[in-house]
Amino acid sequence: MRYTQLTDNDLKTILNTIGVRSIDDLFAVIPADQRLKGKLGLPAGLSEMELLAELDRLAAANQACDRQVCFLGAGAYDHYIPTAVDALAGQSSFVTAYTPYQAEASQGSLQAFYEFQTFICQLTGMDVANASLYEGATATAEAVIMARNINRRDKVVVSAGINPDYLRVLRTYFSCLSLELVTCPLRGGLTDMEALSGLADDRTSSVVVQSPNFFGCVEELQKAADLAHRAGGLSIGVFDPIACAILKPPGALGADIAVGEGQPLGIPMSLGGPYLGLLAARQQHLRKMPGRMIGMTSDAAGKPAYTLTLQTREQHIRREKATSNVCTNQGLVALRATVYMALMGRSGLTKVASLCLEKAHYAARQIASLDGYSLRFGAPFFREFVVRTDRDVDSVLEHCRTRSILAGVPLGQWFDDMKDCFLVAVTEKRSKEQIDALADALSRAAR
Amino acid sequence: MTDALKDMDEFRIGSYAPEPLIFEQSGEGKAGVYVPDSDVPPVAPTEAIPAALLRRKEDALPFPEVGEFEVVRHFTRLGSRLFGVDANFYPLGSCTMKYNPKINELAAAMPGFAGLHPYQPVEQTQGILELLYHLRVFLAEIAGLAEVTLQPAAGAHGEMTGLMLIDAYHRSRGEDRPDVLAPSTAHGTNPASCAMCGRGLVTISVRDDGLLDLDHLRANVNERTSALMLTNPNTAGLFDPQMKQIADVLHSKGAQLYMDGANMNAMLGIARPGQFGVDVMHYNTHKTFSTPHGGGGPGSGPVAVAEHLRPFLPVPQVVCLEDGTYAWSDERPKTIGKVRSFYGQIGVLVRAYTYIRGLGPDGLRDLSEKAVLAANYLAARLAKHYHLPYKGPFAHEFILVPQFSEQGVTELDVAKRLLDYGFHPPTMSWPIMHCLMIEPTESESLATLDFFAEAMIRIAGEAAETPHLLHQAPHTTPVRRVDVVNADRKPNHRWRPEGESA
């Protein structure tokens with residue numbers, strides 16, 4: 001059969017060695033009434049040739065972004081992925097290795113993850129990073145729980161500028177924990193610091209602010225951190241890894257824990273996953289961090305070597321007292337991000353970030369100059385901005401789609417007061433020509 | 001090591017020489033990617049963003065600058081310093097290190113799947129939604145349960161989701177049940193997931209024969225009990241024939257049975273958790289459905305539930321509408337909400353679909369049969385040379401205990417010596433002290449199984465006669481035995497340039 005190599009002759013040898021007459025004898029321990037009679041109700045198996053045809057049919061029934069012009073963002077971005085990323089992360093040893101519990105057999109992945117941790121520290125300006133979590137929303141939840149474990153306070157203040165999907169995940173996570181979640185309103189697209197000042201009190205464990213926030217606006221993270229610290233709590237900054245190339249990173253703006261979504265670092269959009277949860281912190285919180293951490297040490301001969309460290313924080317040793325339940329992380333995705341960051345380097349990633357900023361600002365100017373369109377907020381932005389229109393948002397977006405342009409993400413699905421708004425993201429991949437075509441399509445959309 | 005080799009080692013060449021960190025290969029002006037120039041009117045960052053929020057020259061991004069070919073060579077060399085299933089037999093118990101078919105990777109990378117933005121309208125994503133819809137139906141069928149959510153990101157995340165579903169169910173009935181039960185031999189994620197859900201843990205004993213102590217369970221199930229988390233086949237590699245009684249004990253007190261599906265590879269098409277009275281279970285697609293492990297992830301942890309728990313499943317759920325089209329549905333008033341952003345580990349789920357669709361019901365059953373045969377074969381071959389604390393027949397894995405304490409040889413020494421024979425060691429020291437847990441999977445040929453058995457038997461001989469060989473193992477890996485204690489004592493989790501202090 002498929003994917004197995006035991007012949008009928010081998011099976012005879014095996015049964016003889018075990019000392020049973022048939023395969024069924026090995027399953028006899030399962031009571032007969034609990035064994036499946038007949039077959040699973042699944043479609044019959046396919047040869048590889050047939051399977052490929054079926055996959056081709058399903059893939060072709062989608063309209064991928066590479067055949068259109070994508071201005072969608074809201075937590076997933078269409079950045080360029082250098083070809084070497086796929087080639088290197090696709091090496092079979094990386095793809096088919098397990099978690100590096102056996103250090104001597106895993107130096108390759110361990111060193112790559114050590115480099116990943118260093119890159120994330122450099123990006124965020126933090127002292128230590130872990131070797132990845134699932135994705136941005138769950139990483140944010142882990143950061144809040146980590147803060148709770150550090151200061152044993154039971155309230156978290158989350159800026160309303162956070163990705164609404166993240167907020168939803170936080171609410172799910174905390175529904176079973178005695179953690180009170182309070183949102184802090186926005187003013188002009190930015191966290192209302194006056195309101196935050198009132199909300200951050202002596203019960204507050206952490207203050208969570210995303211910058212650039214969900215609406216693209218660059219927040220004054222330092223002010224939020226100061227308010228968190230004044231209340232004796234911790235500051236959690238939710239960052240964007242591309243923005244960090246030119247914006248001051250959370251580590252330089254008072255954050256105690258920095259978390260983010262690593263998808264922009266060479267990870268395909270893939271309808272929302274698998275992505276990459278990033279988490280970094282100040283050195284003094286090292287032992288409260290969730291997830292795997294790779295450290296450098298030496299081998300018996302004194303040569304440099306890498307290994308999993310501080311495993312007494314983790315579930316397989318510490319069980320219910322672990323810092324988190326996370327086991328499997330996003331190893332191969334973290335490897336992709338490591339290769340991406342290595343290829344981009346200082347100048348490459350800085351240039352990508354500058355291009356995003358320039359093109360987003362060009363697009364914003366072009367759109368704002370159109371009749372019936374304006375920018376919803378005046379706050380500084382990086383790669384993404386909110387457009388308000390007096391036309392019907394759904395019809396506008398649909399009109400753009402007829403021209404193969406994915407113009408933006410409608411915001412009414414999350415915010416009742418933004419039914420006339422959509423979110424536009426512009427990456428380095430968008431050309432002036434494409435941005436002009438977007439403006440043209442918007443101007444021609446029916447009123 | 002010979003002198004000649006030592007010399008090469010000091011010269012930092014040859015396959016065993018350390019690979020410098022990427023940061024140590026940096027040279028100003030080198031570039032791995034040439035990013036195009038801007039085609040729009042220039043905007044200086046200072047025009048757009050207040051200076052206080054921008055990096056200045058002195059805190060510019062401190063990334064290294066390395067050429068493309070150097071990056072390629074670096075990561076290719078790292079790839080060669082790593083055991084993977086493709087090159088090495090990996091009998092890692094509880095982890096199901098099976099062959100990962102190449103078509104899985106090809107499928108996930110197809111632009112028609114990988115190039116989809118999560119907020120494209122569903123009219124543009126009908127193909128992937130059809131795939132996901134069928135996958136969730138397949139997984140419900142394999143489990144013998146009512147409905148599946150594909151959202152959880154990994155097994156532990158599935159456990160947490162499952163416990164939340166159970167909690168929501170109890171609360172919907174006006175009950176507060178703060179305790180979760182788990183056997184002493186449970187995966188560490190089980191108790192840790194309880195803690196993530198704010199539940200207390202009650203540990204249930206395991207009998208000397210490796211099975212759950214039903215009497216102890218009976219004595220501990222009460223109106224405080226939310227659920228029992230149990231792996232089946234269990235972590236000792238045994239099918240627990242008491243599953244139905246266990247479920248009855250729980251249900252009679254209003255508690256739920258959660259099955260950790262880590263070991264589903266032993267029973268695809270042979271038995272279904274729904275028939276055991278299981279209320280909730282998670283899959284580990286990176287184990288059972290070969291999606292693969294990737295050096296520690298990404299995984300995926302779909303959760304299957306019985307009828308009464310359906311109302312609480314996460315949203316959005318992929319659905320098939322009456323007109324035959326597919327959509328995301330948020331209509332589930334009692335939902336626990338979302339457990340991650342967007343919809344799930346889609347690229348991983350594409351691989352799982354590809355695997356199940358390729359094998360079909362016959363192929364799935366065949367692989368479980370062969371996984372069980374391979375485990376029992378190795379157990380039979382090694383029984384004379386190692387202590388087997390439990391009696392077979394085993395499911396897809398088994399435990400043995402090296403007993404060479406006279407020679408001071410531990411399970412760690414045996415494991416490290418296996419590396420010299422080119423095998424990845426089995427899982428160590430869990431779920432009982434000093435054990436090795438061996439899971440060969442269905443993928444291996446009889447020749448490989450025999451070679452492994454021979455290696456284990458030789459190592460038993462070495463342990464008795466030349467124990468220093470084991471104490472000092474491994475001898476043939478890129479590094480010798482790694483000093484883990486020192487790594488914890490003097491934490492070094494990142495590179496820093498010379499002269500920069502922590």
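Arg168(A) forms a salt bridge with Asp330(B), with the closest N and O atoms 3.8 Å apart; a salt bridge is defined here as a side-chain nitrogen of Lys or Arg within 4 Å of a carboxyl oxygen of Asp or Glu. The model is predicted, so that local features need pLDDT of at least 70 and side-chain atom pairs count only at pLDDT 80 or more, whereas totals for chains, interfaces and linings use all residues. Residues are numbered from 1 along each chain as its sequence is written, chains are lettered from A and ligands numbered from 1 in the order in which they are written, and side-chain values use heavy atoms, with hydrogens and water left out.

Across the interface of chain B and chain A, nine salt bridges are found. The number of residue pairs in polar contact between chain B and chain A is 97, both residues being at pLDDT 80 or more. A polar contact is a pair of N or O atoms within 3.5 Å; within protein, one must be able to donate a hydrogen and the other to accept it, and residues adjacent in sequence count only if both atoms are side-chain atoms. On the side of chain B that touches chain A, H12(B) contributes the largest share, 27 residues. The residues of this side of chain B comprise 113 nonpolar, 50 polar and 39 charged, where Ala, Val, Leu, Ile, Met, Phe, Trp, Tyr, Cys and Pro count as nonpolar, Asp, Glu, Lys and Arg as charged, and the others, Gly among them, as polar. The contact involves 202 residues from chain B and 186 residues from chain A, contact meaning heavy atoms within 4.5 Å. About 16800 Å² is buried between the two chains, and carbon and sulfur atoms give 64% of this area. Within chain B, Phe63(B), Met196(B) and His493(B) lose the most area to chain A, together 5% of what that side buries. Buried area is the accessible area (1.4 Å probe) that two parts lose on being put together, summed over both.

Chain B is assigned domain 1 (3–80), domain 2 (103–358) and domain 3 (364–487), with bounds from an automatic or database domain assignment. The C-alpha centres of domain 2 of chain B and domain 3 of chain B are 30 Å apart. In this pairing, 25 residues of domain 2 of chain B are in contact with 20 residues of domain 3 of chain B. The area buried between domain 2 of chain B and domain 3 of chain B is about 1600 Å², 62% of it from carbon and sulfur atoms. Zero salt bridges are found across this interface, but nine residue pairs are in polar contact there, both residues at pLDDT 80 or more. On the side of domain 2 of chain B that touches domain 3 of chain B, 14 residues are nonpolar, nine polar and two charged.

Over all chains, the count comes to 51 salt bridges. In chain A, Asp78(A) and Lys429(A) form a salt bridge, their closest N and O atoms being 2.8 Å apart. Because Asp78(A) lies in the loop between strand E1 (69–70) and helix H4 (83–89) of chain A, and Lys429(A) in the loop between strand E17 (421–425) and helix H14 (432–444) of chain A, the pair ties together parts that are 351 residues apart in sequence. Helices (H or I, at least four residues) and strands (E, at least two) are DSSP runs, numbered from the N terminus. Asp78(A) is buried, at a relative accessible area of 8%, whereas Lys429(A) is partly exposed at 34%; buried means under 20% relative accessible area, exposed over 50%, and partly exposed in between (1.4 Å probe, protein chains only).

In chain B, Glu369(B) and Arg365(B) meet in a salt bridge of 2.9 Å, N to O. These two residues are four residues apart in helix H12 (residues 346–382) of chain B, and are therefore separated by about one helical turn. Glu369(B) is buried, with a relative accessible area of 15%, and Arg365(B) is partly exposed, with 25%. A further salt bridge, at 2.7 Å from N to O, joins the side chains of Arg381(B) and Glu454(B). This pair links distant parts of the chain, with Arg381(B) in helix H12 of chain B and Glu454(B) in helix H14 (residues 446–465) of chain B, 73 residues apart.
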